[in-house]
Amino acid sequence: MAGMEEQRAALGGPPRWRRPVPPWWHGTQGEEPPGRQGDGRGTGGPHTGGLRPGRPHRPWLSTALCTALVLAGSHFAARGQHGHREPLDGAAYALLLLACVPLLWRHRHPALAAYGTAAATLAYLAAGYPYGPVFAAAAVACFSAVVAGRRRAAWTSVGALWAGNALIALWLYRWLPPSGDGPSSVGRQLVVATWVVAVVALSELARARREQWARERAERAQAARRRADEERLRIARELHDVLAHSISVINVQAGAGLALLDSDPEQARTALTAIRAASKEALGEVRQVLDTLRAPGDAPRAPAPGLGRLPELVGQAAAAGLAVEVDGAPPPLPPGTDLAAFRIVQEALTNVVRHSGSRHARVRLDHGGGALRLRIDDDGPATGADAGGSGNGLAGMRERAAALGGVIEAGARPDGGWRVLAVLPLTTEEDDR
């Protein structure tokens, strides 16, 4: 066995009949071999038998059914026209086949199929052979050409077929078989014209419906991509807000614990306790955010945070050395607005801890006129080049407010401090519905 494996490896792997084949080998429509996608040529290699992957398949079954209908129908129709039209012979059957064969290429070359079918049908009628379902092939070719977007070719071919048939029936019958044939009535030609218009109108309706379905599919796909992008941004904002706040608290407490480890072990223990509490809370919130990535339909395992947890947030800020004064009470808020307000206050306080030299901040809540106003102030001075939170945190706050129809204003105060002002609507469009 070892020798066989070595020989197989030396020959380039498993036998050719057991090697995996690409999907296009099995005739998957619309796919081309690697390296050839998008060029529209797709020339077949030596192992494809001359097939061209990436092209629509020839409609063998429908063409065979249409050919059987035309041949059998013409055979039976000829019995009722004996003595009035030329009898069916080999040339007649050849013309009937010639009118149906182009249907095999109606998907790849719809215009050529329409012209070829119309020409063969007109030649059949000019030879004086019996009327019958020979027009079915022209109708199928016209339908395929219109649906494929080759409307001019469809209209031209069908119009030429009708005009040629009318010319033969009204004038050229004198010189064409069968002998002794009389002119056709104008009313009969109007009936034929009505059928031609009906076939083209049905084709146009099918084309319009197909384009509408394509637009609807594209709109659904675009909406799905937009929802996916919005969900991705929402998760990114949640993770940023949770981790930035908790890690800032942990960083401050870790620095205090290291500074007091030798001189005041009890205070260092307190700092370590605060670190454990902050990390536990961060893990819980991160787990809650990641729960949204589970199977669709699963409900969150814990309610989303809101302004009801503002005292807890103030306590965490106090553990990080930031005294927070809260003025006002939050009104009843929709879940989305409640979460956005909490995250905005959390990010603003995190920015004070990270980027401000002030150890005191003020949070004011006010509501009226259908809006909630949040104002977070610190006295500064700013520390660092990105003072005030000019990175993802401020962008996330603005995105949260904009998603609800609110606004965020952030900037330095004249006295040297920093202010974040958020105005959020108390009701959203989803709540109104």
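A crossing of two helices is left-handed if the near helix is turned anticlockwise from the far one by less than a right angle, and right-handed if clockwise. The structure is a predicted model, in which local features need pLDDT of at least 70 and side-chain atom pairs count only at pLDDT 80 or more, while totals for chains, interfaces and linings use all residues. Residues are numbered from 1 along each chain as its sequence is written, and side-chain values use heavy atoms, with hydrogens and water left out.

**Helices α2 and α3**
- Helix α2 (residues 60-79) passes helix α3 (residues 90-100) with axes that come within 10 Å and cross at roughly 150 degrees, and the crossing is right-handed.
- The two helices are therefore roughly antiparallel to each other, a term for angles over 145 degrees.
- Contact, meaning heavy atoms within 4.5 Å, is made by Thr63, Cys66, Thr67, Val70, Leu71, Ser74 and His75 of α2 and by Tyr93, Leu96, Leu97 and Cys100 of α3.

**Glutamate 204**
- Glutamate 204 lies in helix α7 (residues 186-260) and counts as buried (under 20% relative accessible area, 1.4 Å probe, protein chains only), because its relative accessibility is 13%.
- Leaving aside residues up to four places away in sequence, glutamate 204 touches Val146, Arg151 and Trp155.

**Alanine 304**
- Alanine 304 is placed in the loop between α8 (265-290) and α9 (310-319), and its relative accessible area of 48% makes this residue partly exposed, the class between 20% and 50%.
- Although 32 residues apart in sequence, alanine 304 and glycine 336 are 8.9 Å apart in space, C-alpha to C-alpha.

Conventions: Axes fitted to C-alpha atoms, helices over the stretch in contact; angles between N-to-C directions. Helix = DSSP H or I, 4+ residues; strand = E, 2+ residues; numbered from the N terminus. Parallel < 35°, antiparallel > 145°, perpendicular 65-115°, else oblique.
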